[in-house]
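This briefing is meant for a reader who is meeting this structure for the first time. Please look over the sequence and the model, and then read the points below, which are grouped by topic.

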Amino acid sequence: MGDLRVETSAKRVRAYFGGELVADATAPRLVWEVPHYPAYYLPLSSVRVELKPTGETRDDAVVHDVVTRGGTAEGAALTYPGSPELRDLVRFDFAAMDEWLEEDEPIYVHPRDPYKRVDVLNSSRHVRIALDGVTLAASAQPRILFETSLPPRFYLPLSDVRFDLLRPSATQTRCPYKGTADYWSVEVNGVLHEDLVWIYRSPLPESQKVAGMACFFSEKVDLFVDGELQERPKSPWS
């Protein structure tokens, strides 16, 4: 896997599958396989179920099925016997497990990066959102969410949003720092722009201040702050 950034976490981490405890680790490792967030690698000694080799390899990893009394997660575990840093650890596919806990609280999508921060600040800046010349929302009481490595997000009270332009969407996404988001699409001049605005109705504790507020993708709309048009940011959602 080349040079890796590996750190030991002080959190107790548990993974469950098929109604059974798969692993219970008090010294999990955080491994940055990609720059944006880490993955959990757990000591092999913390595993409580059978890891059955499939006979396959994936790059430098040996692939295992995770076998419990409640079912089998095929190919959901990787070990790296040839790596000095990782040979006593196992990486479980995060999405393949039914539940992950840090201490006694569930986590979603991927482990939280200990070097990432979310701040939500009240603001009196005037914010206007427009698309194709049509104002979608305007507010003098936004809350601005600052998240490490991402553009600032302007959350607006629902009373300042033009609901007549919103269309329900079945889309939901999950964030390990904010929780589960529901979406609306926006119809402007007869054109439907899908999943342009989201809301966290019951956000996680660090993001409680945006509960019940609407946020538009600033990558896809015209954002005016105190009357000045902002440059659309470059991000994975551009």
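In what follows, Ala, Val, Leu, Ile, Met, Phe, Trp, Tyr, Cys and Pro count as nonpolar, Asp, Glu, Lys and Arg count as charged, and the others, Gly among them, count as polar. The model is a predicted one, and the protein in it is divided into domain 1, residues 5-107, and domain 2, residues 118-228. The points below take up the domains, the pairing of strands, and then the pockets and the cavity.

**Domains and the record**

- The centres of domain 1 and domain 2, taken over C-alpha atoms, are separated by 35 Å.
- According to UniProt, in an unreviewed entry, the feature "domain: DUF427" is placed at residues 13-82 and 127-218.
- In the stretch covering residues 13-82, the chain is 64% strand and 0% helix, and its end C-alpha atoms are 25 Å apart.
- In the stretch covering residues 127-218, the chain is 59% strand and 0% helix, with its end C-alpha atoms 11 Å apart.

**An open sheet of four strands**

- Four strands make up an open sheet, in which the order is S14-S13-S21-S22 and the pairing is antiparallel.
- Strand S14 (134-139) and strand S22 (228-229) stand at the edges of this sheet, and because each has a single partner strand, one side of each is left without a neighbour in the sheet.
- Strand S13, which covers residues 127-131, pairs with S14 in the antiparallel sense over five bridges, and within this pairing isoleucine 129 has alanine 137 in S14 as its bridge partner.

- In general, strands of a sheet pair through backbone hydrogen bonds, and they do so either parallel or antiparallel.
- S17 and S18 are joined in the antiparallel sense over seven bridges, with leucine 166 standing opposite valine 186 in S18, and the two strands form a hairpin that has three residues between them.
- Strand S18 (residues 179-188) also pairs with strand S19 (residues 191-199), in the antiparallel sense and over six bridges, and here tyrosine 183 stands opposite tryptophan 198 in S19.
- The hairpin formed by S18 and S19 has two residues between the strands, and asparagine 189 in the turn has a positive phi of about 55°.
- S19 pairs in turn with S20, again in the antiparallel sense, over three bridges, and valine 197 stands opposite phenylalanine 216 in S20.

**The largest pocket**

- The largest pocket holds about 670 Å³ of space, and 28 residues line it, of which Lys116, Glu147, Leu150, Lys178 and Trp237 lie nearest its centre.
- Strand S15 (143-147), strand S16 (153-157) and strand S17 (166-175) are the elements that give two or more residues to the lining of this pocket, and S17 gives the most, with three residues.
- Which domains does the lining of the largest pocket draw on? At least three of its residues come from each of domain 1 (5-107) and domain 2 (118-228).
- Divided by class, the lining of the largest pocket has 17 nonpolar, six charged and five polar residues.

**The second largest pocket**

- The second largest pocket has a volume of about 300 Å³, and of the 19 residues lining this pocket, Phe94, Ala95, Trp100, Val109 and His110 are the closest to its centre.
- The elements giving two or more residues to the lining of the second largest pocket are strand S5 (39-43), strand S9 (89-92) and strand S10 (99-102).
- By class, 13 nonpolar, five charged and one polar residue make up the lining of the second largest pocket.

**The cavity**

- The structure holds one cavity of 30 Å³ or more, and the largest cavity has a volume of about 40 Å³.
- Ile129, Pro152, Arg153, Phe154, Cys215, Phe216, Ser218 and Leu223 line the largest cavity, and the elements that give two or more residues to this lining are S16 and strand S20 (213-216).
- The lining residues of the largest cavity divide into six nonpolar, one polar and one charged.

Terms used
Residues numbered from 1 in each chain as written. Predicted model: local features only at pLDDT ≥ 70, side-chain atom pairs only at ≥ 80, totals over all residues. Heavy atoms only, no water. Pairing = 2+ DSSP bridges. UniProt positions renumbered as here; feature names shortened; annotations may be inferred. Domains from an automatic or database assignment. 1 Å grid on protein atoms, 1.4 Å probe; cavity = no way out; pocket = protein on both sides within 12 Å on 5 of 7 lines; lining within 4 Å. Points joined across faces, edges and corners; volume = space filled by probe spheres on them.
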